[in-house]
Amino acid sequence: LEVRVRVKTVDRTGVEMEALTAACAAALTVYDMCKSVDRGMVIEAVQLDHKSGGRSGTWEREQA
């Protein structure tokens, strides 16, 4: 399962932490719903892949 989050703001502040928190909350919700089937599930690789705007400009994670 892949969880993707998109966050948009009109201010000049970053919202990366809010996006990462939303992704974690979504993954934990899926875990909670599926734990009766498999308690060995793993949540991993919570990461920022793309960011644009703000003072630091655009950033994109390099493909592996």
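**View 1. The buried side of helix α1 in a predicted model.** Buried residues in α1 are A19, A23 and A27. These residues span an arc of only 70° around the axis, and therefore they lie on the same side of α1. The model shown here and in the views that follow is a predicted one.

**View 2. The exposed face of helix α1.** On the face of α1 that is turned away from its buried side, the exposed residues are M17, T21, L28 and M33.

**View 3. Helix α1 from end to end.** Helix α1 runs over residues 16-34, and its 19 residues, at 1.5 Å a residue, should span 27 Å.

View 4. The residues L1, V3, V5 and V7 make a nonpolar surface patch of about 350 Å².

View 5. The structure holds zero disulfides, and C24 takes part in none, since the nearest cysteine sulfur, which belongs to C34, is 17 Å away. For the sulfur of C34, the closest cysteine sulfur is likewise that of C24, and the 17 Å between them is too far for a bond. C24 is partly exposed, with a relative accessible area of 30%, and C34, at 30% relative accessibility, also counts as partly exposed.

Technical notes:
Residues numbered from 1 in each chain as written. Predicted model: local features only at pLDDT ≥ 70, side-chain atom pairs only at ≥ 80, totals over all residues. Heavy atoms only, no water. Helix = DSSP H or I, 4+ residues; strand = E, 2+ residues; numbered from the N terminus. Expected span 1.5 Å × (residues − 1). Buried < 20%, exposed > 50% of the residue type's maximum accessible area, 1.4 Å probe, protein only. Arc of directions from axis to C-beta. Patch = residues over 30% accessible without salt bridge, like charges linked within 9 Å, V, L, I, M, F, W, Y side chains within 5 Å. Areas by Shrake-Rupley, 256 points an atom, 1.4 Å probe, with all protein chains shown as cover. Salt bridge = Lys/Arg side-chain N within 4 Å of Asp/Glu carboxyl O. Disulfide = S-S within 2.5 Å.
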